Amino acid sequence: MEYRPLLWILLIPLLNICYMVLNHEGPRVYNLMTDIDAQIPFVPAFIVPYLSWYPFIIIMLIVILANSRETYYRTLIALCLGLITSYFIYYFYQTTVSRPLITGEGILYSLVRFTYITDNPFNCFPSIHVLTTYLVWRGALERNGINIVMRFFTSFMFVAIVLSTLFVKQHYLLDIAAAILIAEVLYFIIGKCLAVRLKSGKMISNELNP
């Protein structure tokens with residue numbers, strides 16, 4: 001496997017600087033909680049898949065690259081554009097979530113408190129956790145070279161991470177819906193653009209080498 005394309009993953013932490021800059025209360029903040037959200041309980045155990053999100057994204061990008069460079073670039077470009085799109089939305093439409101008071105003791109509660117301290121309750125709509133996880137799940141399932149065990153693992157992690165955003169009270173249902181919609185649209189558009197570019201490249205190659 002050619003490892004140099006992995007350097008483009010460094011764009012993710014660079015773009016995340018924007019997240020930190022925007023993660024504070026703006027002049028007007030909206031709350032998108034629905035009646036269903038209000039019924040969802042706080043479950044501290046879900047902090048485990050929630051915090052596993054970042055290494056999961058990196059690992060899956062490596063797995064996708066090992067199977068298809070084209071799908072890797074499609075996924076990574078859509079992911080970066082998804083982050084940029086989210087940041088624009090955060091700037092113009094800031095939302096927040098209502099967090100519970102953490103009074104329990106133990107490692108799980110400590111991890112939740114750590115998450116709450118290091119991540120302010122803003123930058124919620126859409127959920128970056130869900131957007132990025134959906135994209136690597138989408139990219140992984142597209143490749144036939146990824147075996148059934150990895151496909152199951154990826155699907156399991158996708159569901160676990162999405163649910164974790166709700167059960168640790170970091171996001172609402174509308175945040176998840178918006179993230180999946182944006183991710184699917186970007187993945188489709190980037191796929192079409194790459195297909196046109198590849199087709200054009202083959203046409204030029206055929207013309208030069210009749």
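**Helix packing and salt bridges in the predicted model**

Helices α4 and α8 run roughly antiparallel to each other, a class that requires an angle over 145 degrees, whereas angles under 35 degrees count as roughly parallel, 65 to 115 as roughly perpendicular and the rest as oblique. The model is a predicted one, in which local features need pLDDT of at least 70 and side-chain atom pairs count only at pLDDT 80 or more, while totals for chains, interfaces and linings use all residues. Residues are numbered from 1 along each chain as its sequence is written, and side-chain values use heavy atoms, with hydrogens and water left out.

Helix α4 comprises residues 53-67 and packs against α8 at an angle of about 150 degrees, with the axes 12 Å apart; axes are lines fitted to C-alpha atoms, for helices over the stretch in contact, and angles run from 0 to 180 degrees between N-to-C directions. Helices here are DSSP runs of H or I with at least four residues, numbered from the N terminus. The crossing of α4 past α8 is left-handed, meaning that the near helix is turned anticlockwise from the far one by less than a right angle. On the α4 side, W53, F56, M60 and V63 meet M150, F153, T154, M157 and I161 of α8, where contact means heavy atoms within 4.5 Å. By class, this contact has 8 nonpolar residues, 1 polar residue and no charged residues, with Ala, Val, Leu, Ile, Met, Phe, Trp, Tyr, Cys and Pro taken as nonpolar, Asp, Glu, Lys and Arg as charged, and the others, Gly among them, as polar.

Helix α8, spanning residues 148-167, also holds S164. This residue, S164, is buried, with a relative accessible area of 0% (buried is under 20%, exposed over 50% and partly exposed in between, for a 1.4 Å probe and protein chains only). With residues up to four places away in sequence not counted, S164 touches F46, P49 and Y50.

Across the whole structure, 2 salt bridges are found, each defined by a side-chain nitrogen of Lys or Arg within 4 Å of a carboxyl oxygen of Asp or Glu. In one of them, the side chains of E142 and R74 meet at 3.2 Å, N to O, and the pair links distant parts of the chain, E142 in helix α7 (residues 128-142) and R74 in helix α5 (residues 69-92), 68 residues apart. E142 is partly exposed at 30% relative accessibility, whereas R74 is buried at 16%. R138 forms a salt bridge with E184, with the closest N and O atoms 2.9 Å apart; because R138 lies in helix α7 and E184 in helix α9 (residues 173-208), this pair ties together parts that are 46 residues apart in sequence. R138 is partly exposed, at 25% relative accessibility, and E184 is likewise partly exposed, at 25%.

Methods: Helix = DSSP H or I, 4+ residues; strand = E, 2+ residues; numbered from the N terminus.
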